[in-house]
Amino acid sequence: MGVSEPLIQTSLLGEAIEHAPVAVFVADEYGVFVAVNQWACTMLGYERGELLAMSVGEISHGEPSGDREPDVKHVTLTRKDGTTVAYSYATGETTVAGMSVYVHVGR
């Protein structure tokens, strides 16, 4: 069995995303987080379970702007301690286990 096997690829990709130096947020169709990686937790100062009990609207403020790069959006996120951080991200919709989700990746 080589590293090109689908199950191995899924596992490797999952580990790479979990430990990547970018924030990854996955939200359902209602904007509720269903998955976040470690960088997202660290960046915002929340434990994973805390973020998974929240929605996009609870941490993101203002309308996303993308004037400079059409595929990149810019918003302000509020950390657990109340401070804010500028966040630039790309987003897309996909289906996982039959559920539509929105994946946001950025810094």
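Modeller: Let's start with charge: the mean positions of the 6 positive and 14 negative charges of the protein are 9 Å apart.

Colleague: What makes a residue count as positive or negative here?

Modeller: Lys and Arg count as positive, Asp and Glu as negative, while His and the chain ends are not counted. Each charge is placed at NZ of Lys, CZ of Arg, CG of Asp or CD of Glu. Before we go on, please note that this is a predicted model, where local features need pLDDT of at least 70 and side-chain atom pairs count only at pLDDT 80 or more, while totals for chains, interfaces and linings use all residues. Residues are numbered from 1 along each chain as its sequence is written, and side-chain values use heavy atoms, with hydrogens and water left out.

Colleague: Happy with that. How many helices and strands are there, and what makes a stretch count as one?

Modeller: There are 4 helices and 6 strands, in the order α-β-β-α-α-α-β-β-β-β from the N terminus. Helices are DSSP runs of H or I with at least four residues, strands are runs of E with at least two, and both are numbered from the N terminus.

Colleague: Now the rings. Why is the pair of Phe25 and Phe33 called tilted?

Modeller: A pair of aromatic rings is described by the distance of the centres and the angle of the planes. Rings of Phe, Tyr and Trp (its six-membered ring) pair if their centres lie within 6.5 Å; planes under 30 degrees apart count as stacked, over 60 as edge-to-face and the rest as tilted. By this rule the count comes to 3 aromatic pairs. For Phe25 and Phe33 the values are 5.4 Å centre to centre and 35° between the planes, a tilted pair.

Colleague: And what makes Phe25 and Tyr87 edge-to-face?

Modeller: Their ring centres are 5.7 Å apart and their planes stand at 90°, so the pair is edge-to-face. Phe25 belongs to strand β1 (residues 23-27) and Tyr87 to strand β5 (residues 84-96), so this pair ties together parts that are 62 residues apart in sequence. One aromatic cluster takes in Phe25, Phe33, Tyr87 and Tyr89.

Colleague: What about Tyr89?

Modeller: Tyr89 has 11% relative accessibility and therefore counts as buried. Tyr89 lies in strand β5 and touches residues including Pro64, Asp71, Val75, His104 and Gly106, leaving aside residues up to four places away in sequence. A contact means heavy atoms within 4.5 Å. Tyr89 and Ala23 are 66 residues apart in sequence and 8.7 Å apart in space, C-alpha to C-alpha.

Colleague: Why is Pro64 called partly exposed?

Modeller: Pro64 has 40% relative accessibility, so it falls in the class in between. This residue lies in strand β3, and Lys73, His74, Val75 and Tyr89 are the residues Pro64 touches, not counting those up to four places away in sequence.

Colleague: Ser60 is in that strand too. Why does Ser60 count as buried?

Modeller: At 19% relative accessibility, Ser60 counts as buried because the value is under the cut-off. Ser60 touches Val75, Thr76 and Leu77, again not counting residues up to four places away in sequence.

Colleague: How do you know that β3 and β4 pair?

Modeller: Two strands pair if DSSP finds at least two bridges between them. Strand β3 (residues 60-65) and strand β4 (residues 73-78) run antiparallel and are joined by 3 bridges, so they pair. Ser65 stands opposite His74 in β4. Next along, β4 and β5 pair in the antiparallel sense over 6 bridges, with Thr84 in β5 as the bridge partner of Thr78. Their hairpin has 5 residues between the strands, and Gly82 there takes a positive phi near 95°.

Notes: Buried < 20%, exposed > 50% of the residue type's maximum accessible area, 1.4 Å probe, protein only.
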